[in-house]
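Please have the sequence and the model open while going through the points below.

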Amino acid sequence: MNQGEGARRSFVDVDYDEAMRRAAALVPVLRERAARAEVAREMPKETLEDLHRTGLLRFHQPRRWGGMELPFVGLFDIPAEVARGCASTGWNVANLAVHHWMLALYDERAQDEVWSKNPDAVIASGIAYPQGRGRRVDGGFVISGHWNFSSGIDASDWNMLAVMVRDSDRVVDHRMCLVPRSEYEIVDDWHVLGMRSTGSKSVRVRDLFVPEHRALSMYLARGGGEFPGARANPSPLYRVPLSAFGTHCLAGSGMGNAQAALELTIEAIRERSTSYTAMRMRDFQAVQLRVAGAGAKVDAARLIIRADCLEGARIAEEGRAPTIEEKLRVKRNVAYAMELCTEAVDSLHALAGANGIYDAYPIQRLFRDQHALTGHIGFSWDAQAAPWGLVILGGEFTNPIL
C-alpha cells in the first residue's frame, strides 16, 4: 500500500455501529476466499486491502492518528464478526488491531516513528517472553530470540517482540520491543492443522539493538496510567490491563468461528434429507437438541467474554487497576468460553456425519480451525483456571507482567 494513501486515510468519524456494519459486510466475501487463502497459508492481498479500506485494523488506534478509538468491547466484537467469514482473518484482525492499541502505550517517539510515516502500518508480534532474551546497554537493549506464531507477519511493517531482560541470571524486566521489518528474519515454518491463512510464521533476530523508546516495559501496562504514552493518550481505553485482556481479542476468532459453524449447519439441515431414510433431518429430535445445545453454548460464550470486556472498561473509567483476583477471573472466563465454543463446533461437526470429512465441506475447515486456535495458551483451561482457584482459596500467585 502506498504510504501517502495511508497517511491521508482517517477513520475518526467511524463509530462502533458503523465498524460492525463494515465487518458484517465482509463476511460473504471472506467465506468465498477462505479455501484459497488456506492453500496460500497467508491472508490474501485483497483481504488486506479490504481491511485497510474499511479501517478495521485501526479500531483502537488513537483518534489523533486517524484511528476510530472505539469502546473497549470492540476488541472482541469486531474480530468475532469478521471471523464469521473466516476464522484466520478474524484472528489476524484481532492481532494486528490490538497492536495499534499497544503502540498507544509506548513512548510518543515510537508512535511518531510508526504512525507519522504510515498510520495504516501493520504490526505483528512474538509474545512468548522466554523465547526472547535481552540485556540493557546505553540507550536501550540488545535482544536475540526465535519467536513462534507471529500472525500476519508477511503483511507486516513492524514486529513487537517479547524479551526477558536479565542482569546476570536474574530477570529484571519484561519488554515488548518494537522492531522494523528490515531488522528481523521471517522463518517459513507455518505448516499446520488449521488457521493456515493467518500466516503465523516464526521470526528471528540476533544481537539487535532496540532503543529505549521502542522497548515497552510490561510492568507499566498492568492497568492504570503509568505507561509512557499516557500523556498523549489519556483515554480510559488505554488503561485496561494488557496482560489480563490480551487474549479477549483472539477469543473473537473462536467465537465467530463457532457462530459460523452454527449458521452453516442450520442452513444445511433446512435443505437436507438423510442419505439412507430420506427423512428430513430437521424432523429428528436428536438433531434439534444438538443444534439447540450448540446455539446455547455459543450465546453463553459471547455473553461471558463481552461481560468481561465491559467490566474491564468500567474499571479503567474508575481510574483504578483491577485486583489480581479480577485479572485472573477474566483469564479464567475466556478459557472457559473457548471451551464452550469448541464443544459447540465439535457437536456440529459430528452432526455433519460422513460429509464432515470432505475438504469441500466448510464445517471440516471450521473444525480444524477451532482446534488449532484453542491451542493458544490463553485458552488452556488448566493453565488459566488454576491460578484463580489458588488465589480465591487464599493462596498467592505471582506473575510479574500481570
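A polar contact is a pair of N or O atoms within 3.5 Å; within protein, one of them must be able to donate a hydrogen and the other to accept it, and residues adjacent in sequence count only if both atoms are side-chain atoms. This is a predicted model, in which local features need pLDDT of at least 70 and side-chain atom pairs count only at pLDDT 80 or more, while totals for chains, interfaces and linings use all residues. Residues are numbered from 1 along each chain as its sequence is written, and side-chain values use heavy atoms, with hydrogens and water left out.

1. Ser200. The side chain of Ser200 makes a polar contact with the side chain of Thr198, at 2.7 Å. A further polar contact, of 2.6 Å, joins the side chains of Ser200 and Ser151. Ser200 is found in the loop between β6 (185-187) and β7 (201-211); helices (H or I, at least four residues) and strands (E, at least two) are DSSP runs, numbered from the N terminus. The relative accessible area of Ser200 is 3%, so Ser200 is buried (buried means under 20% relative accessible area, exposed over 50%, and partly exposed in between, with a 1.4 Å probe and protein chains only). Not counting residues up to four places away in sequence, Ser200 touches Phe149, Ser150, Ser151 and Trp190, where contact means heavy atoms within 4.5 Å.

2. Met195. The loop between β6 and β7 also holds Met195. Phi of Met195 is near 55°, a positive value in a residue other than glycine. Met195 counts as buried because its relative accessibility is 4%.

3. The largest nonpolar core. A nonpolar core is a set of buried Ala, Val, Leu, Ile, Met, Phe, Trp, Tyr and Cys residues joined through side-chain atoms within 4.5 Å. The largest one has 80 residues, and Phe72, Trp101, Leu103 and Leu178 touch the most other members. Helix α10 (residues 324-351) supplies the largest share of this core, 11 residues. A second, separate core has 22 residues, including Phe11, Ala23, Val82 and Val93.

4. Phe72 and Phe245. Leaving out residues up to four places away in sequence, Phe72 touches His60, Trp101, Leu237, Val240, Phe245, Cys309 and Ala313. Phe245 is found in helix α7 (residues 242-245). Phe245 counts as buried because its relative accessibility is 3%. Phe245 and Asn333 lie 88 residues apart in sequence and 11 Å apart in space, C-alpha to C-alpha.

5. Helices α4 and α8. Two packed helices are described by the angle between their axes and the distance between the axes. The axes of α4 (residues 74-83) and α8 (residues 248-271) come within 7 Å and cross at roughly 30°; axes are lines fitted to C-alpha atoms, for helices over the stretch in contact, and angles run from 0 to 180 degrees between N-to-C directions. On the α4 side, Leu75, Phe76, Pro79, Ala80 and Ala83 take part, and they meet His248, Cys249, Ala251, Gly252, Ser253, Met255, Gly256 and Asn257 in α8. By class, this contact has 8 nonpolar, 5 polar and no charged residues (Ala, Val, Leu, Ile, Met, Phe, Trp, Tyr, Cys and Pro count as nonpolar, Asp, Glu, Lys and Arg as charged, and the others, Gly among them, as polar).

6. Gln370. Helix α11 (residues 362-373) is the place of Gln370. Gln370 counts as buried because its relative accessibility is 0%. The side chains of Gln370 and Asn257 make a polar contact of 2.9 Å. Aside from neighbours within four places in sequence, Gln370 is in contact with Gly254, Asn257, Ala258, Met338, Cys341, Thr342 and Val345.

7. Glu38 is found in helix α2, and Glu38 is buried because its relative accessible area is 13%. Not counting residues up to four places away in sequence, Glu38 touches Arg196, Ser197, Arg365 and Arg368. Arg41, in the loop between α2 and α3, has a positive phi near 65°. In α3 (residues 45-54), Thr47, Leu48, Asp50, Leu51, His52 and Thr54 are buried, and the buried residues of α3 pack against α2 (16-40) and α5 (87-103). Gly55 follows α3 and has a positive phi, near 80°.
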